[in-house]
Amino acid sequence: MADAVRAEGLVKIYKSRSGEVRALHGLDLTVEEGTVVGLLGPNGAGKTTTIKVLTTLLTPDAGSATVMGADVLAAPKDVKRRIGVSGQYAAVDEYLTGFENLDMVGRLYHLGAERSRTRARDLLDQFGLTDAADRPVKGYSGGMRRRLDLAGALIAQPPMLFLDEPTTGLDPRSRLGMWEVITDLVGGGTTLLLTTQYLEEADQLADRIAVIDHGRVIAEGTSDTLKSQVGGERVEVVVAHDADVGRAREVLSGVGIGEAVVENRSRRVTVPVSGGASVLVEAVRRLDGAGVTVSDLSLRRPTLDDVFLSLTGRAAEESDDTGAAEREVTWVGKDVP
Amino acid sequence: MSGIRQAIGDAATVTRRNLIKIKRVPDLLVFTTLSPIMFVLLFAYVFAGAIGTQNTGVDYKEFLVAGIFAQTVVFGSTFSGISLAEDLQKGFVDRFRTLPMAPSAMLFGRTASDVVNNVISLVVMGLTGLVVGWRIRSSLVEALAGALLLLLFAYALSWVMAYVGLVVRTPEVVNNASFIVIFPLTFVANTFVDSTTLPGPLETLANWNPVSAVTQSARELFGNTNPAFPPPDAWPLQNPELYTLIWIAIILAIFIPLSIRQYQRTTSR
């Protein structure tokens, strides 16, 4: 199968008064046609910069990239004709109605007046925005804006789609709605590169996941490969006394499928497990038997932090150099929860 | 050729988007039109007595209105910069830049819709002027030529401000920064006072200030000059229409390509 995206050795350095920041540090990435790739990483890892380079918004300082066969640097206009982009913050015009927004984007893709109107109405229907179609976007909820923004990216039916953190900042219900929309979409064969900070989201939506850290891809594979590396659910225990931390670790390593990890400051011990709730019960029994007083106990799915812990041996962090810069570069003053 | 047709179509689409905003946010229009009314009234009734007495035989209101026309269109041009900085902040420039549209369209669309803003301000100001006693004493054709020259000058300044907006990126900063330039530009001129009353170097500055030439052109074309009070003997004010057109051409030749290049390199932060 042909490659929809091929990026090799991308480097992007931001220069500011306080010095240089390497946002991309030799990033390689391939997306096969017809597949969904999730770019997973913490704030400041270089996700948005990657998307900006691939969508022709930023010129890389080194490296090369092609999107749908067109060179990002040599033929940006050919790239733009073949892609749809929906950014981290819905770029829809507040004063226009939902219909006017889509109609405008359609015309700017040069679909012509009639086709733009038809596509706009169809997409509003498809995304459940028919009732709000003729109201100014000012009154839309966050989820509605995101759906409208996504609809804008789809209006010309591009074969390749880029979604930068499509659900960041949405409440859980809107997030589920967005997932459904995206799942339907890729069912139709659209190639998709999406970025996310949530392992669960990458797992839900992507065929392959690329984990990105400090401007480089540090792991790449199917979500199953990644999960087998990371393990499934976690039992997480907070013990009441500092003295019990060591014993709790021993006990939990016994019930888990990997080494238990201790976070001393919060007296938190975490271990990957398989077997769900029955393991939780077993853990409680054994902790009780060992005389450990527990102040909190839970079973949870792995997070980005767990991925980073197992891949790099440290937690995901907004690194002091790249992190600060990329946050500044993506959007001033609005931090992602 | 289809490239040019497409670029014009794209600019028209962007212009329409900007005009819809004027329609949806009427407050914006109210304030753009209120401020020129305020200026006409303020100068006509507060300063007229003090300034008018120095030039006996000259009606200050006749002198003043062309100056306010010029001042208003100059101030109006900041709107182009502020709006672009806003679009940049909201990620709109990013969105447009990922579309296969002409890179010039966003800027031509912005400056075009700001012409509509300026036409509205000019009409409102003209009506207010008529109320306070100003009159057009030339022909209709000359008066229209005067309005057209004011609009062209404002259009050129819109491109300067568009560039500023893309470089400065913060709407509030564009607003404050442009005031520092625009206030002296419109006051060290023959807009509100006779430039011969200014001290030496300022008088020279005022005589060569393009805002003075625009104002003098408007006065001539609206028939508000007074033979008893001829313009200063400086070439720009003896040939104000030509001098203004030269400025317009120079500004457009520099700032259209400069702004488009800046737009193509700009992305949200």
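**Figure 1. Helix H5 of chain A and what surrounds it.** The 13 residues of helix H5 (residues 142–154) of chain A should span 18 Å at 1.5 Å a residue, and the end C-alpha atoms are 19 Å apart, which agrees. The expected span of a helix is 1.5 Å times one less than its number of residues. Helices (H or I, at least four residues) and strands (E, at least two) are DSSP runs, numbered from the N terminus. This is a predicted model, in which local features need pLDDT of at least 70 and side-chain atom pairs count only at pLDDT 80 or more, while totals for chains, interfaces and linings use all residues; side-chain values use heavy atoms, with hydrogens and water left out. Residues are numbered from 1 along each chain as its sequence is written, and chains are lettered from A and ligands numbered from 1 in the order in which they are written.

Is H5(A) enclosed or open? Ten of its 13 residues are buried, so H5(A) is largely enclosed by the rest of the structure. Here, buried means under 20% relative accessible area, exposed over 50%, and partly exposed in between (1.4 Å probe, protein chains only). Among the buried residues of H5(A) are A:Gly143, A:Met144, A:Arg146 and A:Leu154. The cover over the buried residues includes strand E6 (83–86), helix H3 (98–108), helix H4 (113–126), strand E7 (160–164) and helix H6 (172–187) of chain A, together with helix H5 (92–97) of chain B.

**Figure 2. A:Ser116, a buried residue in helix H4.** Look for A:Ser116 in helix H4 of chain A. At 0% relative accessibility, A:Ser116 counts as buried. Which residues does A:Ser116 touch, not counting residues up to four places away in sequence? They are A:Asp103, A:Gly106, A:Arg107, A:Leu111 and A:Ile155, where contact means heavy atoms within 4.5 Å. The side chain of A:Ser116 also reaches the backbone oxygen of A:Gly112 at 2.6 Å. For scale, the C-alpha atoms of A:Ser116 and A:Phe99 are separated by 9.9 Å, with the two residues 17 apart along the chain.

**Figure 3. The interface of chain A and chain B.** The size of an interface is often given as the accessible area lost when the parts come together. Between chain A and chain B the buried area is about 2800 Å², and carbon and sulfur atoms give 60% of that. Buried area is the accessible area (1.4 Å probe) that two parts lose on being put together, summed over both. On the chain A side, A:Leu57, A:Tyr95 and A:Leu108 lose the most area to chain B, together 26% of what that side buries. The contact takes 33 residues from chain A and 24 residues from chain B.

**Figure 4. Salt bridges between the two chains.** How many salt bridges does the rule find across the interface of chain A and chain B? There are five, a salt bridge being a side-chain nitrogen of Lys or Arg within 4 Å of a carboxyl oxygen of Asp or Glu. In one salt bridge, the side chains of B:Arg17 and A:Asp93 meet at 2.5 Å, N to O. A:Asp93, B:Arg17 and B:Asp87 are linked in a network of salt bridges. B:Arg17 is also one of the buried residues of H1(B). That helix, H1 (residues 2–24) of chain B, has 23 residues and reaches 33 Å from its first C-alpha to its last, close to the 33 Å expected at 1.5 Å a residue.

**Figure 5. The loop between strand E11 and helix H9 of chain A.** Find A:Ala240 in the loop between strand E11 (234–239) and helix H9 (245–255) of chain A. A:Ala240 is partly exposed, at 27% relative accessibility. Not counting residues up to four places away in sequence, A:Ala240 touches A:Arg267, A:Thr293 and A:Ser295. A:Val292 is 52 residues from A:Ala240 along the chain, yet their C-alpha atoms are separated by 8.0 Å.

A:Arg267 also forms a salt bridge with A:Asp242, with the closest N and O atoms 3.7 Å apart. A:Asp242 lies in the loop between E11 and H9, and A:Arg267 in the loop between strand E12 (261–263) and strand E13 (268–272), so the pair ties together parts that are 25 residues apart in sequence. A:Asp242 counts as exposed at 56% relative accessibility, while A:Arg267 counts as partly exposed at 25%.

Figure 6. A:Asp244 forms a salt bridge with A:Arg247, the closest N and O atoms lying 2.9 Å apart. A:Asp244 is buried at 5% relative accessibility, whereas A:Arg247 is partly exposed at 37%. In another salt bridge, the side chains of A:Arg6 and A:Asp3 meet at 3.0 Å, N to O. A:Arg6 is partly exposed, with a relative accessible area of 39%, and A:Asp3 is partly exposed at 24%.

Technical notes: A polar contact is a pair of N or O atoms within 3.5 Å; within protein, one must be able to donate a hydrogen and the other to accept it, and residues adjacent in sequence count only if both atoms are side-chain atoms.
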